[in-house]
Structures are given as structure tokens and as C-alpha cells.
Amino acid sequence: MTVTMRVVTVFLLSALLPLSYSHGRDPFAWLYGPQSQRFGSLQADTTGGCPDECDCPPTFPVAMYCDGRGLTAMPTIPSRVKYLYLQNNAITAVSDSALVNATNLVWLMMHHNQLTSDAIGKKAFMQLQGLERLYLQHNNLTDFPSNLPRTLRDLRINHNQIKKVTAADLEGMDNLTILYLHDNAVTDMGTSLKALKSLTLLDISSNKLTKVPEVLPEQLHQLYLESNSIDSLPEGFLNRFTQLQYVRMAHNQLTDKGIPSNTFNVTGLVELDLSYNKLERIPPVSTTLQHLYMQANQIKEFTLGSFCSVVDVTNFSKLQTLRLDGNEISRQDIPTESTLCLRLATSIEV
């Protein structure tokens, strides 16, 4: 560069200085300032505001990982966080203000902590208007949490000590598709499930239910009721469902008397588990059923009519798996014509 060019360049730059100084700012500060000052408006802040005990990956700034850190209290949560992982800690409480800054949360994972119902604020989750996934399993909850976001799609609250679920607890949850409530102490669901119009998976096994919930969502695909004390089923129990494929009712107190005729003879059902009950007969099932588990009952007779009302070239059962072990019949009790009816069965255990 010639001397003349240097002079011209310095002159041009110096001509800008008075203007910038009048605004109290050096116009060239961006050239030698810190990187965050130079590019702060071009990318998200990936480090600021992340608690020391957590990780906030620069490549995924909307996630905060605080799992398995031995935490006993809620950390401060930056407002940018959408995915918060707090599982496998010893957190005991969630106050009304604990999530006040976390209004953008979409996932909140708090399973395997030491939360109690009394220590969760009534409004703790109220401001999370975009929350879709909430995991609270394996805590010490005795009551269903209050004011959960109506935007939830996946709620897992199993392995607690919850005794009651009311209609108000789930009211307005039109988007909820998955509800894990198993391994609690619920004695009666009442009509609490009535509002769950989108629910496809319901697991309320290992509770203290003595009857099937009064109103079950019609869009159910999977229904798990095993390990309760249910001894009978309502008339037309499965007639309303068009999507239901999996029903598990093992480890209950079901008897032949408590099951109305043709209860399980519904098209669409793929798997039915009635093992570990008190049944003496094989109930009639649909020819479209593929897997039937009846082990450990009190069945005394192999009734081929339970699977096929008519047997010919075009009429036969689609059953692939049949378990009848642990009953009062042997392989000799299976009629020879069963090979036509159960021609697709690859496993029959007696």
C-alpha cells in the first residue's frame, strides 16, 4: 500500500469517529471485541444461564441435562430450554415458582426422584402451556398433580402411591395419547377417563381396581388392566372400540360367570391375555385373534367352538399363539379336528 493510500484510508476512518463518539460507541469495537459481541445476534446463546450442575450442549441449546447429578432441589432453568432432563436425582419438591421461567418447556423428565404430593405447588405446572411430555414415575406421589397442562400428549405417573383419579384431574386433555398409571394404589377410576378423546394407550395395571373403569376412550389401541382385583366385566365391554388390538387382564379374579357371552368375540383384537384368573372354560374369541394367553386358570375342557364356529377351507382361526399350560387339561384333550381350525398356530402349550 502506498503512503498516499494509507493517508486516504486513515482520513476516511477518522472522519467517522466524531459521529460514533457522539453516540458514545466505538464503531470498530466489533472488530476486536469478544466473539459473543461480534456474533451474538446471529446465533443462540449456548452457554449463558446454564447452571454449573447441568450440561447445556452448544449444539443443542434448547436442551438442559441435569440427570443423575445428585440434585436435591430444582435448578434455575433458562427460558430458552425446551427439553429438561432431571431424572435420577433426589429432588423432593417443585414450588410454584420453580418453573416460572421455563414457559417454553416441551419435555419435562422428573422420574426417579423423591417428589411428594405435598411438596408440589398447586400452580407448579400451570404456566407450562406448551408441555407435551411429562414423566413423574418412580416418585412418592399420593395424589394426582394439580393443574397439569392440557397440551400433554404423554403422561407417565406410574410407580407412585396415587389412590384416586378424578374427572377434574384429566379434564380438557384432548391431546393425551399415552397414560401410564400402573403400579399405584387406585381403587376406582370412575368417569375420569371420559375426556381423553385421543388416548390410544392406557396402562392401569397393578392397582387396586375391582371393576373396569366406567368410561373408556373409544380410540384405545392398547388396554392394560392386569394385576388388579377385577372379577367381572360389563356387558358389551369391547363393542365400542374400533382401534383396540391389545387387551391384557392377567392376574385378576375373573370367573366364567363374570364374563358376558361373546365379550372377546370382537373383530380387530390381536392379543388377549387372560392368564392367572379363575376361568374354567375358554371364552369365545374372534377368528381374527392372533395371540391368546390362558395359562394358570382352571380350564377343564378344550372347546374348539371357542375358536371356530364353522371349520372348512375358508373358515378357520388366525390364532398363532395359544397358551393353556397350568390348567386341568392335557394335550390328549385337544380334538384332532383342531388342526383344521388352528392351522396357523405355531405354538400351542398345554
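Student: What makes Lys 300 and Glu 280 a salt bridge?

Tutor: The closest N and O atoms of Lys 300 and Glu 280 are 3.8 Å apart. A salt bridge is a side-chain nitrogen of Lys or Arg within 4 Å of a carboxyl oxygen of Asp or Glu, so this pair counts. Before we go on, this is a predicted model, where local features need pLDDT of at least 70, side-chain atom pairs count only at pLDDT 80 or more, and totals for chains, interfaces and linings use all residues. Residues are numbered from 1 along each chain as its sequence is written, and side-chain values use heavy atoms, with hydrogens and water left out.

Student: Where do Lys 300 and Glu 280 lie?

Tutor: Lys 300 is in the loop between E11 and E12, and Glu 280 is in the loop between strand E10 (271-273) and E11, so the pair ties together parts that are 20 residues apart in sequence. Strands (E, at least two residues) and helices (H or I, at least four) are DSSP runs, numbered from the N terminus. The protein has five helices and 13 strands.

Student: Why is Lys 300 called partly exposed?

Tutor: Its relative accessible area is 44%. Buried means under 20%, exposed means over 50%, and partly exposed is in between (1.4 Å probe, protein chains only), so Lys 300 is partly exposed. Glu 280, at 37%, is partly exposed too.

Student: What about Arg 323 and Glu 349, which elements are they in?

Tutor: Arg 323 is in strand E12 and Glu 349 in strand E13 (residues 347-349), 26 residues apart. Their closest N and O atoms are 3.8 Å apart, which makes a salt bridge. By the rule, the count comes to eleven salt bridges. Arg 133, Asp 154 and Arg 156 are even linked in a network of them.

Student: Which residues touch the most other members of the largest nonpolar core?

Tutor: Leu 99, Leu 108, Met 249, Phe 302 and Phe 307 do, in a core of 86 residues. A nonpolar core is a set of buried Ala, Val, Leu, Ile, Met, Phe, Trp, Tyr and Cys residues joined through side-chain atoms within 4.5 Å. Leaving aside neighbours within four places in sequence, Phe 307 is in contact with several residues, among them Ile 282, Leu 292, Phe 302 and Cys 341. In soluble globular proteins, nonpolar side chains tend to be buried together.

Student: What is the phi of Ser 227?

Tutor: Ser 227 has a positive phi of about 60 degrees although it is not a glycine. Ser 227 is in the loop between strand E8 (222-224) and strand E9 (246-248), and at 29% relative accessibility it counts as partly exposed.

Conventions:
Contact = heavy atoms within 4.5 Å.
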